[in-house]
Amino acid sequence: IEVDTKDELEDVADSLNLMGTQIQVFQQSLQEKNLQMEQLLENVAHDLKTPISLIQLYANGIKDGVDDGTFLETIIEESGQMAAMVNRLFYLSRIEKDQFDPSEVDLSNLLNDLVSKYHVLAEEKRMEIHLESDDGLSILGNEELLQSMFLNLITNAIKYSVGKEICLNLFKQTDNVVFSISNEMDNASLDINKIWNPYYVGDTSRN
């Protein structure tokens, strides 16, 4: 509203303009919060797929009599992992404010445990996971989020690889700890520049 009367009417118009701008800013902020909530829910749903698959796989192993004595323990561990993932929904305010208490995390042990646990998924696709890791590599961080990151990378490698090997390396370089993971693929439609975008897949039919 453009009013140039140098009186109370102009003051009212200016107030209305300011109020309109504030409403627009609030609406934009609300939309961003809604998108963050949607992404959080999608992340949790995505992370739950792997432990559910493992529980089904190990439960079928027990049913078929191929349990080596560790299947039940793994099912219990994965159930606990699922509970921890669900609890993330209650941590939304902490996520938005980056309120995560850091602690010393032994990445070597964390990665070795995950590889030993998830090798059965690779075997289902007739793959092998090769891990080369220095011992005792620790960083300051949040163990839950680091574990989620490793799981996403490992399970995606198993899911999308066309080769027979998945190679993981964890080592110290100067003052840094370096992690790498590699697998073969033949998806010609994959845009390397977009692979870090959330939920990007190379198949153009799925966008």
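Predicted model: local features only at pLDDT ≥ 70, side-chain atom pairs only at ≥ 80, totals over all residues.
Begin by selecting Glu77 and Lys117, whose side chains form a salt bridge with an N to O distance of 3.6 Å. Glu77 belongs to helix α2 and Lys117 to helix α4, so this pair ties together parts that are 40 residues apart in sequence.

Glu78 lies in α2 and Lys117 in α4, so the pair ties together parts 39 residues apart in sequence. How accessible is each member? Glu77, at 36% relative accessibility, is partly exposed; Lys117, at 19%, counts as buried; Glu78, at 1%, is buried.

For another salt bridge, select Lys6 and Asp4, where the closest N and O atoms are 3.4 Å apart. Both Lys6 and Asp4 are exposed.

Proceed to α1, a helix of 56 residues. From its first C-alpha to its last, α1 reaches 81 Å, close to the 82 Å expected. At its start, a side-chain oxygen of Asp7 comes to within 3.1 Å of the backbone nitrogen of Leu9. Buried residues of α1 include Leu40, Val44, Leu48 and Tyr58. Just after the helix, Gly65 adopts a positive phi of about 75 degrees.

Finally, display the largest nonpolar core, which has 27 residues, with Ile129 and Ile154 having the most contacts inside it. Elements giving two or more residues to this core include α1, α2 and β4, while α4 provides the largest share, 9 residues. Centre the view on Ile154: beyond its neighbours within four places in sequence, Ile154 contacts Leu111, Leu114, Val115, Ile129, Leu168 and Ile181.

How values were computed. Residues numbered from 1 in each chain as written. Heavy atoms only, no water. Core = buried A, V, L, I, M, F, W, Y, C linked by side-chain atoms within 4.5 Å. Buried < 20%, exposed > 50% of the residue type's maximum accessible area, 1.4 Å probe, protein only. Helix = DSSP H or I, 4+ residues; strand = E, 2+ residues; numbered from the N terminus. Contact = heavy atoms within 4.5 Å. Expected span 1.5 Å × (residues − 1). Polar contact = N/O pair within 3.5 Å; in protein donor to acceptor, adjacent residues only side chain to side chain. Salt bridge = Lys/Arg side-chain N within 4 Å of Asp/Glu carboxyl O.
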